[in-house]
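Okay, thanks for making the time, everyone.

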Amino acid sequence: MIDPLAASIKIAGSGLEVQSARLRVVAENLANAQSTGAAPGADPYMRKTITFESTLDELAGAELVHVKNIGRDSRPFRIEHDPGSPAADSKGFVKYPNVDTIMEMADLREANRSYEANLQVIKQANNLSSMTLDLLRNAS
Amino acid sequence: MIPALSSLSLLPGALSLPQAAGAAAQAVAAAGGSGGAFDHMLDQISAAIDNLKAGEAAAISGLEGRAPVQAVVESIMTAERSLQTAVAIRDKLVSAYQTISQMAI
């Protein structure tokens, strides 16, 4: 139904939205990499995960991408001995979030690259459609 | 804001590229029979331009709201492309009309 070039722009647009949501999750994980629990011995911040799924858009007749779920990583927390911390339990151990900064940076880079790729698709489709339109304009 | 804009594509004025080309061809073909085809086509296209301007204004005001910037950019680009299509077809129609009106009798 829809113009294929316009559909490409719509699909790549959904990619942009999804990758920016992923960037948001990475930002949350990085910002909370040191967030301990509120009470002594309480669980700290749990790393968030994001998954995507493809959904059929009826209007565009194309498979767009959407965020499927933002969940929690169930890996064990990092435990450090720090008796002075307000979050330390009776033995002086503090639970730190299960966030691996290196992994978050890798995820950040991947989200960035994917976002750029989708932007490039939009640029190309826009360029092609205006070039096609120029045929109408210049031929006299 | 965004649903209002996307509903624009349902209007007769907002033409996709192949549809518009077909419509333009029909208009030119019909011009031999009835003199009103050009007028009718021009009316339709100017209505499309009005609609698209409204769409762009809506998208810009969406920047102040909670719409993500990607969605705003996407709708403005869609509006821009439809506008450019409409303008190109209008120019083509005007030049076709002029060609006919300047024809040596």
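This is a predicted model: local features need pLDDT of at least 70, side-chain atom pairs count only at pLDDT 80 or more; totals for chains, interfaces and linings use all residues.

Residues are numbered from 1 along each chain as its sequence is written, while chains are lettered from A and ligands numbered from 1 in the order in which they are written.

Is Leu23(A) buried, exposed or in between? We call a residue buried with 20 or more other C-beta atoms within 10 Å of its own, exposed with 12 or fewer, and partly exposed in between, with C-beta atoms placed from the backbone. Leu23(A) has 17 other C-beta atoms within 10 Å, so it is partly exposed. Setting aside residues up to four places away in sequence, Leu23(A) touches Leu108(A) and Ala111(A); contact means C-beta atoms, placed from the backbone, within 7 Å. Leu135(A), on the other hand, is 112 residues from Leu23(A) in sequence and 40 Å away in space, C-alpha to C-alpha.

Now zoom out to the whole of chain A. It has two helices and four strands, and along the sequence they run α-β-β-β-β-α. The radius of gyration of chain A is 23 Å, well over the 14 Å from the globule rule for 140 residues, so the chain is more spread out than a compact globule. That radius is taken over C-alpha atoms, and the rule is 2.2 Å times the number of residues to the power 0.38. The C-alpha trace of chain A spans about 85 × 25 × 20 Å along its principal axes. Of the 140 residues in chain A, 22% are buried.

Next, the strands. β1 (residues 48-57) and β2 (residues 62-72) of chain A pair antiparallel over 10 bridges; pairing takes at least two DSSP bridges. Lys48(A) stands opposite Arg72(A) in β2(A).

What makes up the largest nonpolar core? A core here is a set of buried Ala, Val, Leu, Ile, Met, Phe, Trp, Tyr and Cys residues joined through C-beta atoms within 7 Å. The largest has seven residues: Ala6(A), Ile9(A), Ile11(A), Ala12(A), Leu16(A), Ile122(A) and Ala125(A). Helix α1(A) gives the most to this core, with five residues. Leaving out neighbours within four places in sequence, Ala12(A) is in contact with Asn118(A), Val121(A) and Ile122(A).

Last stop, the partner chain. Between the chains, 16 residues of chain A are in contact with 15 residues of chain B. On the side of chain A that touches chain B, α2(A) gives the most, with seven residues. And over in chain B, helix α4 (residues 69-101) has 33 residues and reaches 47 Å from its first C-alpha to its last, close to the 48 Å expected, taking 1.5 Å times one less than the number of residues.

Notes: Two residues are in contact if their C-beta atoms, placed from the backbone, lie within 7 Å.
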